[in-house]
Amino acid sequence: MRALETVKTIEIPEGVDVKVEGRIVTVTGEKGTLTRDFSHTPVAIMLEGTTVKVGAKWPRKREASFVGTVSSHIQNMITGVTKGFTYKLKIVFSHFPISVKVDGKKIVIENFTGERNPRIAKIMGEAKVTVKGEDVIVQGINIEDVSQTAANIEQATKIKVKDPRVFLDGIYVYERHEGMEE
């Protein structure tokens with residue numbers, strides 16, 4: 001038997017402003033502003049005081065799952081504009097020293113396993129990438145931009161021809177957390 005209604009509530013912390021226009025949600029905080037369009041989802045998003053309610057009436061399994069997904073996205077937006085997100089990657093090599101540089105909206109990885117041509121990874125959205133020694137730090141307020149940029153860097157150093165159990169060179173995510181370091 002189907003449930004009558006599925007509802008999730010998200011508390012809005014102090015210093016965060018949330019606007020809901022139809023299914024377009026805009027979250028503004030001390031770190032910046034994030035806007036997201038949820039018009040493709042069959043849920044209702046309501047702003048009631050200091051809470052945001054995401055719900056669906058007479059939901060099927062798919063609509064009920066959308067309620068949880070949309071509420072998680074809104075919670076991540078709130079966390080992003082208050083704290084931000086940080087992913088740390090480690091440069092690992094055994095023989096050929098890898099050199100990593102940030103060039104505009106891309107990351108250039110040179111001398112990977114002795115290759116002559118550089119490998120390139122794309123920086124998504126407004127993510128900021130810094131290279132400190134053997135660490136690559138990706139920071140931003142949008143979790144999807146930050147995590148996709150970290151994944152692009154990791155995928156750019158994927159070894160395709162050799163045995164990956166023997167050749168462990170690459171750039172790997174070793175830490176991710178909320179908050180941005182200066």
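Start at Ile-74. Leaving aside residues up to four places away in sequence, Ile-74 touches Ile-10, Val-25, Phe-38, Ile-45, Val-52 and Val-54. The model is predicted.

Ile-74 belongs to the largest nonpolar core, which has 21 residues. Val-25, Val-27, Ile-45 and Ile-74 have the most contacts inside this core. Which elements each supply at least two residues of this core? They are strand S3 (24-28), strand S6 (51-57) and helix H1 (61-82). H1 gives the largest share, seven residues. In soluble globular proteins, nonpolar side chains tend to be buried together.

Now step back to the whole chain. Its secondary structure comes to two helices and 13 strands. Why does the chain count as more spread out than a compact globule? Its radius of gyration is 20 Å, whereas the globule rule gives 16 Å for 182 residues. The radius of gyration is well over that value, so the chain is more spread out than a compact globule. The C-alpha trace spans about 60 × 40 × 20 Å along its principal axes.

Take the contacts between residues at least 6 apart in sequence: 61% of them join residues at least 24 apart. Buried residues account for 39% of the 182 residues. The chain exposes about 10,800 Å², and carbon and sulfur atoms supply 52% of that area.

Helix H2 holds Ala-151. Is Ala-151 buried or partly exposed? Its relative accessibility is 29%, so Ala-151 counts as partly exposed; the cut-off for buried is under 20%. Ala-151 also pairs up in space with a residue from elsewhere in the sequence. Ala-151 and Lys-122 are 29 residues apart in sequence, and their C-alpha atoms are 9.8 Å apart.

Past H2 comes a loop. This loop, between helix H2 (143-156) and strand S13 (170-178), contains Leu-168. Leu-168 has a relative accessible area of 49%, so this residue is partly exposed; exposed would need over 50%.

Technical notes. Residues are numbered from 1 along each chain as its sequence is written. This is a predicted model: local features need pLDDT of at least 70, side-chain atom pairs count only at pLDDT 80 or more; totals for chains, interfaces and linings use all residues. Side-chain values use heavy atoms; hydrogens and water are left out. Helices (H or I, at least four residues) and strands (E, at least two) are DSSP runs, numbered from the N terminus. Buried means under 20% relative accessible area, exposed over 50%, partly exposed in between (1.4 Å probe, protein chains only). The radius of gyration is taken over C-alpha atoms; the globule rule is 2.2 Å times the number of residues to the power 0.38. Contact means heavy atoms within 4.5 Å. Accessible areas come from the Shrake-Rupley method with a 1.4 Å probe; for residues, only the protein chains shown count as cover. A nonpolar core is a set of buried Ala, Val, Leu, Ile, Met, Phe, Trp, Tyr and Cys residues joined through side-chain atoms within 4.5 Å.
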